[in-house]
Amino acid sequence: MAFSVCENSIASTRQVPNERQMGRAHLDPGNLSEAIKLFCRLESVTAMPMIQKRNSISPADLAGRPLREQTLGTERRGPWSMFRGVRTTPSCNTADIRSFFDRCVSTGSPEQHGDPQRLLEYRLALVRNLARIRPSDVVLDLGCGNGHHLFALAPEVARGIGIDVSPGMIALARARLRNSAWKANLTFDVGNAEELNGIADESVDLAICIGAFEHMLDKRAVLAGIYRVLKIGGRFFCLTPNADYVWYRAIAPVLGFDTKHLSSDRILTREEFSVLLAQAGFRRSRSVPWTFIPKGDVPALVARLLTMLDVIGRHARLGSFRGGLSLCAWKEAKPS
(Lines give C-alpha, C1' and ligand atoms only; values in the text may rest on other atoms or scores of the structure.)
Protein backbone atom coordinates (compact mmCIF):
# COMPACT_ATOMS: atom_id res chain seq x y z
CA MET A 1 0.00 0.00 0.00
CA ALA A 2 1.18 3.54 -0.77
CA PHE A 3 0.71 6.26 1.81
CA SER A 4 2.17 9.11 -0.17
CA VAL A 5 -0.22 12.04 0.26
CA CYS A 6 1.63 15.03 1.67
CA GLU A 7 -0.20 16.47 4.65
CA ASN A 8 1.01 19.93 3.68
CA SER A 9 -1.05 19.74 0.51
CA ILE A 10 -4.16 19.49 2.65
CA ALA A 11 -3.13 22.14 5.14
CA SER A 12 -2.46 24.61 2.33
CA THR A 13 -5.89 24.46 0.67
CA ARG A 14 -8.40 27.23 1.10
CA GLN A 15 -11.03 24.92 2.56
CA VAL A 16 -8.96 23.89 5.57
CA PRO A 17 -9.35 26.29 8.51
CA ASN A 18 -6.10 27.54 9.96
CA GLU A 19 -5.09 26.82 13.54
CA ARG A 20 -6.64 30.00 14.96
CA GLN A 21 -9.90 29.29 13.12
CA MET A 22 -9.94 25.80 14.60
CA GLY A 23 -10.04 27.40 18.04
CA ARG A 24 -6.69 26.11 19.26
CA ALA A 25 -5.16 27.95 22.17
CA HIS A 26 -1.99 30.00 21.74
CA LEU A 27 0.90 27.87 23.02
CA ASP A 28 3.60 29.71 24.89
CA PRO A 29 7.04 28.05 25.18
CA GLY A 30 6.60 27.28 28.87
CA ASN A 31 3.36 25.37 28.39
CA LEU A 32 4.77 23.50 25.41
CA SER A 33 7.88 22.51 27.36
CA GLU A 34 5.82 21.20 30.25
CA ALA A 35 3.59 19.23 27.88
CA ILE A 36 6.60 17.60 26.25
CA LYS A 37 8.10 16.71 29.63
CA LEU A 38 4.83 15.18 30.84
CA PHE A 39 4.42 13.17 27.66
CA CYS A 40 8.00 11.90 27.78
CA ARG A 41 7.51 10.64 31.35
CA LEU A 42 4.29 8.85 30.39
CA GLU A 43 5.74 7.45 27.18
CA SER A 44 8.80 6.07 28.97
CA VAL A 45 6.55 4.15 31.37
CA THR A 46 4.18 2.52 28.90
CA ALA A 47 4.82 3.13 25.25
CA MET A 48 7.85 0.95 24.46
CA PRO A 49 6.43 -2.35 25.78
CA MET A 50 3.20 -1.71 23.88
CA ILE A 51 5.02 -0.78 20.68
CA GLN A 52 7.13 -3.91 20.85
CA LYS A 53 4.08 -6.06 21.41
CA ARG A 54 2.17 -4.56 18.49
CA ASN A 55 5.10 -4.68 16.07
CA SER A 56 5.54 -8.37 16.76
CA ILE A 57 2.27 -8.99 14.88
CA SER A 58 2.87 -9.00 11.14
CA PRO A 59 0.35 -8.11 8.42
CA ALA A 60 0.25 -11.80 7.54
CA ASP A 61 -0.85 -12.60 11.08
CA LEU A 62 -3.60 -10.00 10.86
CA ALA A 63 -4.81 -11.37 7.55
CA GLY A 64 -5.17 -14.87 8.89
CA ARG A 65 -7.11 -14.35 12.08
CA PRO A 66 -9.85 -12.17 13.62
CA LEU A 67 -8.97 -8.70 14.83
CA ARG A 68 -7.59 -8.89 18.32
CA GLU A 69 -9.64 -7.54 21.21
CA GLN A 70 -8.93 -3.89 21.92
CA THR A 71 -9.06 -2.40 25.39
CA LEU A 72 -7.20 0.85 24.76
CA GLY A 73 -7.80 3.37 27.48
CA THR A 74 -9.58 0.94 29.80
CA GLU A 75 -6.79 -1.36 31.01
CA ARG A 76 -6.21 0.07 34.47
CA ARG A 77 -6.97 2.96 36.78
CA GLY A 78 -4.24 5.45 37.55
CA PRO A 79 -3.73 8.30 39.99
CA TRP A 80 -6.26 10.48 38.11
CA SER A 81 -9.08 7.96 38.42
CA MET A 82 -11.42 10.69 39.62
CA PHE A 83 -11.60 11.64 35.93
CA ARG A 84 -12.96 8.50 34.34
CA GLY A 85 -13.27 9.81 30.81
CA VAL A 86 -16.31 8.71 28.83
CA ARG A 87 -18.91 6.44 30.35
CA THR A 88 -18.62 3.17 28.43
CA THR A 89 -21.93 1.51 27.54
CA PRO A 90 -21.84 -2.30 27.41
CA SER A 91 -22.57 -3.60 23.91
CA CYS A 92 -22.08 -6.89 22.10
CA ASN A 93 -24.33 -6.82 19.05
CA THR A 94 -26.03 -4.61 16.49
CA ALA A 95 -29.15 -4.25 18.62
CA ASP A 96 -27.07 -2.76 21.45
CA ILE A 97 -25.42 -0.28 19.08
CA ARG A 98 -28.79 0.66 17.56
CA SER A 99 -30.23 1.24 21.03
CA PHE A 100 -27.28 3.44 22.06
CA PHE A 101 -27.60 5.76 19.08
CA ASP A 102 -31.39 5.85 19.32
CA ARG A 103 -30.93 7.19 22.86
CA CYS A 104 -28.55 9.84 21.50
CA VAL A 105 -31.38 11.20 19.33
CA SER A 106 -32.88 13.04 22.30
CA THR A 107 -29.89 15.41 22.26
CA GLY A 108 -30.00 15.98 18.49
CA SER A 109 -26.53 14.44 18.16
CA PRO A 110 -24.58 17.72 18.60
CA GLU A 111 -20.87 18.15 17.86
CA GLN A 112 -18.91 17.36 21.04
CA HIS A 113 -15.30 18.09 20.12
CA GLY A 114 -15.25 21.74 19.05
CA ASP A 115 -16.96 24.42 17.01
CA PRO A 116 -19.45 22.53 14.78
CA GLN A 117 -19.06 24.62 11.63
CA ARG A 118 -15.26 24.77 11.75
CA LEU A 119 -14.96 21.03 12.32
CA LEU A 120 -17.45 20.34 9.51
CA GLU A 121 -15.46 22.51 7.10
CA TYR A 122 -12.23 20.81 8.15
CA ARG A 123 -13.60 17.30 7.61
CA LEU A 124 -15.14 18.19 4.26
CA ALA A 125 -11.83 19.68 3.14
CA LEU A 126 -10.20 16.32 3.89
CA VAL A 127 -12.87 14.54 1.84
CA ARG A 128 -12.38 16.90 -1.09
CA ASN A 129 -8.61 16.65 -1.07
CA LEU A 130 -8.32 12.88 -0.78
CA ALA A 131 -11.47 11.66 -2.55
CA ARG A 132 -11.74 14.39 -5.22
CA ILE A 133 -15.51 14.88 -5.25
CA ARG A 134 -17.08 15.24 -8.72
CA PRO A 135 -20.45 16.77 -9.67
CA SER A 136 -21.53 13.45 -11.22
CA ASP A 137 -20.84 11.40 -8.08
CA VAL A 138 -23.35 9.15 -6.37
CA VAL A 139 -22.29 9.29 -2.71
CA LEU A 140 -23.10 6.69 -0.05
CA ASP A 141 -22.71 7.86 3.55
CA LEU A 142 -22.27 4.89 5.91
CA GLY A 143 -23.30 5.61 9.48
CA CYS A 144 -24.71 8.96 8.36
CA GLY A 145 -26.31 9.84 11.70
CA ASN A 146 -28.47 12.94 11.32
CA GLY A 147 -27.12 13.53 7.80
CA HIS A 148 -24.72 16.30 8.86
CA HIS A 149 -22.01 15.61 6.28
CA LEU A 150 -24.25 14.50 3.43
CA PHE A 151 -26.35 17.67 3.61
CA ALA A 152 -23.15 19.72 3.38
CA LEU A 153 -21.96 17.76 0.33
CA ALA A 154 -25.34 17.81 -1.46
CA PRO A 155 -24.61 20.90 -3.62
CA GLU A 156 -21.46 19.24 -4.96
CA VAL A 157 -22.77 15.81 -6.01
CA ALA A 158 -25.46 14.28 -8.23
CA ARG A 159 -27.05 12.09 -5.57
CA GLY A 160 -26.55 11.22 -1.91
CA ILE A 161 -27.68 8.11 -0.02
CA GLY A 162 -27.40 8.02 3.76
CA ILE A 163 -27.78 4.83 5.80
CA ASP A 164 -27.59 4.32 9.53
CA VAL A 165 -28.38 1.44 11.84
CA SER A 166 -30.33 3.78 14.13
CA PRO A 167 -33.98 4.47 13.13
CA GLY A 168 -33.91 7.49 15.42
CA MET A 169 -30.97 9.05 13.59
CA ILE A 170 -32.62 8.42 10.23
CA ALA A 171 -35.77 10.09 11.52
CA LEU A 172 -33.69 13.17 12.40
CA ALA A 173 -32.12 13.21 8.92
CA ARG A 174 -35.51 12.85 7.21
CA ALA A 175 -36.94 15.66 9.33
CA ARG A 176 -34.11 17.92 8.16
CA LEU A 177 -34.65 16.79 4.57
CA ARG A 178 -38.29 17.91 4.58
CA ASN A 179 -37.16 21.53 4.85
CA SER A 180 -34.09 21.17 2.67
CA ALA A 181 -33.42 22.44 -0.82
CA TRP A 182 -31.88 19.05 -1.65
CA LYS A 183 -34.95 16.82 -1.30
CA ALA A 184 -34.62 15.71 -4.93
CA ASN A 185 -31.12 14.25 -4.63
CA LEU A 186 -30.83 12.98 -1.03
CA THR A 187 -32.36 9.88 0.57
CA PHE A 188 -31.97 8.42 4.06
CA ASP A 189 -32.74 4.85 5.05
CA VAL A 190 -32.25 2.55 8.01
CA GLY A 191 -29.56 0.06 7.06
CA ASN A 192 -26.68 -2.01 8.34
CA ALA A 193 -23.31 -1.15 6.81
CA GLU A 194 -22.27 -4.78 7.21
CA GLU A 195 -24.93 -5.85 4.70
CA LEU A 196 -25.77 -2.87 2.45
CA ASN A 197 -29.06 -4.42 1.46
CA GLY A 198 -30.77 -2.46 -1.29
CA ILE A 199 -27.55 -0.95 -2.68
CA ALA A 200 -26.87 -2.38 -6.13
CA ASP A 201 -23.49 -3.69 -7.24
CA GLU A 202 -21.22 -1.06 -8.82
CA SER A 203 -23.74 1.76 -8.32
CA VAL A 204 -21.75 4.13 -6.08
CA ASP A 205 -18.93 6.51 -7.02
CA LEU A 206 -17.90 7.50 -3.50
CA ALA A 207 -18.57 5.84 -0.16
CA ILE A 208 -17.79 7.90 2.95
CA CYS A 209 -17.67 6.89 6.59
CA ILE A 210 -17.00 9.72 9.03
CA GLY A 211 -16.79 8.96 12.73
CA ALA A 212 -18.68 5.67 12.46
CA PHE A 213 -16.28 2.92 11.37
CA GLU A 214 -14.97 2.40 14.91
CA HIS A 215 -18.51 1.45 16.02
CA MET A 216 -19.07 -1.18 13.33
CA LEU A 217 -18.70 -4.76 14.55
CA ASP A 218 -17.71 -6.73 11.44
CA LYS A 219 -15.29 -4.43 9.68
CA ARG A 220 -14.34 -7.04 7.10
CA ALA A 221 -17.98 -7.37 6.05
CA VAL A 222 -18.33 -3.58 5.87
CA LEU A 223 -15.33 -3.21 3.57
CA ALA A 224 -16.40 -6.16 1.42
CA GLY A 225 -19.81 -4.56 0.96
CA ILE A 226 -18.29 -1.19 0.09
CA TYR A 227 -16.06 -2.82 -2.51
CA ARG A 228 -19.09 -4.58 -4.03
CA VAL A 229 -21.21 -1.44 -4.43
CA LEU A 230 -18.42 0.81 -5.74
CA LYS A 231 -18.03 1.32 -9.46
CA ILE A 232 -14.65 0.66 -11.04
CA GLY A 233 -12.69 3.78 -10.18
CA GLY A 234 -14.91 4.41 -7.15
CA ARG A 235 -13.45 5.64 -3.89
CA PHE A 236 -13.90 4.79 -0.23
CA PHE A 237 -13.12 7.63 2.19
CA CYS A 238 -12.93 7.18 5.96
CA LEU A 239 -12.24 9.45 8.92
CA THR A 240 -11.66 7.53 12.13
CA PRO A 241 -9.65 7.77 15.35
CA ASN A 242 -6.07 6.49 15.17
CA ALA A 243 -5.20 3.50 17.37
CA ASP A 244 -1.52 4.55 17.26
CA TYR A 245 -2.41 7.86 18.93
CA VAL A 246 -0.40 8.25 22.14
CA TRP A 247 -3.55 9.25 24.03
CA TYR A 248 -5.21 5.91 23.34
CA ARG A 249 -2.02 3.87 23.36
CA ALA A 250 -0.14 5.26 26.35
CA ILE A 251 -1.48 8.28 28.22
CA ALA A 252 -5.12 7.28 28.83
CA PRO A 253 -4.19 3.87 30.29
CA VAL A 254 -1.75 5.48 32.74
CA LEU A 255 -4.23 8.13 33.85
CA GLY A 256 -7.08 5.64 34.04
CA PHE A 257 -9.33 7.26 31.42
CA ASP A 258 -12.04 5.30 29.65
CA THR A 259 -12.01 6.15 25.93
CA LYS A 260 -14.78 3.94 24.51
CA HIS A 261 -18.38 5.06 24.18
CA LEU A 262 -19.39 1.45 23.49
CA SER A 263 -17.54 -1.54 24.88
CA SER A 264 -17.58 -3.07 21.39
CA ASP A 265 -15.85 -0.06 19.80
CA ARG A 266 -12.69 -1.01 17.91
CA ILE A 267 -10.30 1.48 16.35
CA LEU A 268 -7.51 0.44 14.01
CA THR A 269 -3.89 1.25 13.38
CA ARG A 270 -2.92 2.28 9.87
CA GLU A 271 -1.31 -1.14 9.39
CA GLU A 272 -4.47 -2.97 10.40
CA PHE A 273 -6.62 -0.84 8.12
CA SER A 274 -4.25 -1.49 5.21
CA VAL A 275 -4.53 -5.24 5.69
CA LEU A 276 -8.32 -5.16 5.81
CA LEU A 277 -8.52 -2.99 2.70
CA ALA A 278 -6.27 -5.42 0.82
CA GLN A 279 -8.42 -8.36 1.92
CA ALA A 280 -11.52 -6.57 0.59
CA GLY A 281 -9.88 -6.10 -2.82
CA PHE A 282 -8.57 -2.54 -2.65
CA ARG A 283 -5.09 -2.42 -4.14
CA ARG A 284 -4.41 1.29 -3.79
CA SER A 285 -4.94 3.60 -0.82
CA ARG A 286 -3.57 6.76 0.71
CA SER A 287 -3.73 8.05 4.24
CA VAL A 288 -2.79 11.10 6.29
CA PRO A 289 -3.15 11.92 9.97
CA TRP A 290 -5.74 14.54 10.82
CA THR A 291 -6.42 16.68 13.84
CA PHE A 292 -8.85 14.83 16.07
CA ILE A 293 -8.84 15.98 19.67
CA PRO A 294 -11.56 14.28 21.76
CA LYS A 295 -12.39 17.43 23.72
CA GLY A 296 -15.87 16.21 24.55
CA ASP A 297 -14.45 13.09 26.24
CA VAL A 298 -11.82 14.66 28.52
CA PRO A 299 -11.42 17.50 31.05
CA ALA A 300 -10.24 20.85 29.72
CA LEU A 301 -6.71 20.40 31.10
CA VAL A 302 -6.27 17.12 29.21
CA ALA A 303 -7.73 18.67 26.06
CA ARG A 304 -5.03 21.36 26.25
CA LEU A 305 -2.33 18.71 26.57
CA LEU A 306 -3.69 16.86 23.54
CA THR A 307 -3.87 20.11 21.59
CA MET A 308 -0.20 20.75 22.36
CA LEU A 309 0.73 17.23 21.27
CA ASP A 310 -1.16 17.75 18.01
CA VAL A 311 0.84 20.93 17.35
CA ILE A 312 4.07 19.02 17.99
CA GLY A 313 2.88 16.16 15.77
CA ARG A 314 2.01 18.44 12.86
CA HIS A 315 5.32 20.28 12.93
CA ALA A 316 7.47 17.20 13.59
CA ARG A 317 5.32 14.97 11.33
CA LEU A 318 4.73 12.45 14.11
CA GLY A 319 1.56 10.56 13.25
CA SER A 320 1.35 9.05 16.73
CA PHE A 321 0.76 12.54 18.17
CA ARG A 322 -2.29 13.02 15.90
CA GLY A 323 -5.65 11.67 17.00
CA GLY A 324 -7.19 10.86 13.64
CA LEU A 325 -6.58 8.60 10.66
CA SER A 326 -7.86 9.83 7.28
CA LEU A 327 -7.71 7.50 4.29
CA CYS A 328 -9.00 6.96 0.79
CA ALA A 329 -8.97 3.67 -1.15
CA TRP A 330 -9.74 3.10 -4.82
CA LYS A 331 -11.51 0.21 -6.54
CA GLU A 332 -9.51 -0.55 -9.66
CA ALA A 333 -10.18 -2.90 -12.53
CA LYS A 334 -8.65 -6.32 -12.02
CA PRO A 335 -5.76 -7.16 -14.34
CA SER A 336 -6.89 -9.14 -17.35
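I take an axis to be a line fitted to C-alpha atoms, for helices over the stretch in contact. The model I am reading is predicted.

**Entry 1: a helix pair.** Two packed helices are described by the angle between their axes and the distance between the axes. I looked up helix α4, residues 94-104, and helix α7, residues 167-178. Their axes come within 7 Å of each other, and the crossing angle is roughly 40 degrees.

Which residues make the contact? On α4 I find R98, F101, D102 and C104. On α7 the contact is made by P167, G168 and M169. Sorted by class, the contact has four nonpolar residues, one polar and two charged.

**Entry 2: L230.** I next looked up L230, which is found in strand β5, residues 230-241. Is L230 buried or exposed? Its relative accessible area is 0%, and buried means under 20%, so I note L230 as buried.

I then checked its surroundings. A200 is 30 residues from L230 along the chain, and their C-alpha atoms are separated by 9.0 Å. Leaving out residues up to four places away in sequence, I list E202, V204, D205, L206, A207, R235, F236, F282 and K331 as touching L230.

**Entry 3: nonpolar cores.** The largest nonpolar core has 50 residues. Within this core, F188, F237, W247 and L309 touch the most other members. I also find a second, separate core of 31 residues, including L140, L196, F236 and L268. F236 is also one of the residues that L230 touches.

Key
Residues are numbered from 1 along each chain as its sequence is written. This is a predicted model: local features need pLDDT of at least 70, side-chain atom pairs count only at pLDDT 80 or more; totals for chains, interfaces and linings use all residues. Side-chain values use heavy atoms; hydrogens and water are left out. Axes are lines fitted to C-alpha atoms, for helices over the stretch in contact, and angles run from 0 to 180 degrees between N-to-C directions. Helices (H or I, at least four residues) and strands (E, at least two) are DSSP runs, numbered from the N terminus. Contact means heavy atoms within 4.5 Å. Ala, Val, Leu, Ile, Met, Phe, Trp, Tyr, Cys and Pro count as nonpolar, Asp, Glu, Lys and Arg as charged, and the others, Gly among them, as polar. Buried means under 20% relative accessible area, exposed over 50%, partly exposed in between (1.4 Å probe, protein chains only). A nonpolar core is a set of buried Ala, Val, Leu, Ile, Met, Phe, Trp, Tyr and Cys residues joined through side-chain atoms within 4.5 Å.
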